[in-house]
Amino acid sequence: MGSLRDRIPWDVMEDDKCFKMRMDMPGMTKEDVKLSVEDGDLVVKAEHNIEEGEDDWSSRSYGSYYARIKLPENVDMNDIKAEMKDGVLKVTAPKAEGAKQRHEVQIE
């Protein structure tokens, strides 16, 4: 039986030129998010800790996010782009020129 914790927190689409990933990160801003590529994985880390108010009843908000996504071998790791808007992170990972093509092998 599944639960919300079993849900993959990102969506991936592929076309002829690139892979596109979308991650919902409510409450996060681009300043809260750090992206890196480590050993062929896209690593997404985010954290925010906000405390507002001037009296004993201050407002607190805390959130964190971590994901490690294995990238396909045909991704151009040096040309990955990202955009953060309204709590949604969108990452575009272009395919490398001359990337490995898949083809059928005849069995003799």
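Residues are numbered from 1 along each chain as its sequence is written, and side-chain values use heavy atoms, without hydrogens and water. Because the model is predicted, local features need pLDDT of at least 70 and side-chain atom pairs count only at pLDDT 80 or more, whereas totals for chains, interfaces and linings use all residues.

**Exercise 1.** State the volume of the largest pocket and describe its lining.

*Solution.* Begin with the term: on a 1 Å grid over the protein atoms alone, a pocket is an open set of points where a 1.4 Å probe fits, with protein on both sides within 12 Å along at least five of seven lines. A volume is the space filled by probe spheres set on the points, which are joined across faces, edges and corners. The largest pocket has a volume of about 150 Å³.

Next, identify the lining residues (an atom within 4 Å of a point). They are Asp11, Met13, Lys20, Met21, Arg22, Lys81, Glu83, Lys90, Val91 and Thr92.

Then assign them to strands (DSSP runs of E, at least two residues, numbered from the N terminus). At least two lining residues come from each of strand 1 (10-14), strand 2 (18-24), strand 6 (81-85) and strand 7 (88-94).

The lining holds six charged, three nonpolar and one polar.

**Exercise 2.** Determine how many salt bridges there are, and characterise the Glu38 and Arg68 pair.

*Solution.* Apply the criterion of a Lys or Arg side-chain nitrogen within 4 Å of a carboxyl oxygen of Asp or Glu. The count is six salt bridges.

For Glu38 and Arg68, the N to O distance is 3.5 Å. This pair links distant parts of the chain, 30 residues apart: Glu38 lies in strand 3 (residues 33-38) and Arg68 in strand 5 (residues 59-70). Both also belong to a network of salt bridges with Asp41 and Lys70.

**Exercise 3.** Classify Asp79 and Lys81 as buried, partly exposed or exposed, and give the distance of their salt bridge.

*Solution.* Relative accessible area (1.4 Å probe, protein chains only) sets the class: buried under 20%, exposed over 50%, partly exposed in between. Asp79, at 32%, is therefore partly exposed, while Lys81, at 51%, is exposed. Their side chains meet at 2.9 Å, N to O. Lys81 is also one of the residues lining the largest pocket.

Key
Helices (H or I, at least four residues) and strands (E, at least two) are DSSP runs, numbered from the N terminus. Ala, Val, Leu, Ile, Met, Phe, Trp, Tyr, Cys and Pro count as nonpolar, Asp, Glu, Lys and Arg as charged, and the others, Gly among them, as polar.
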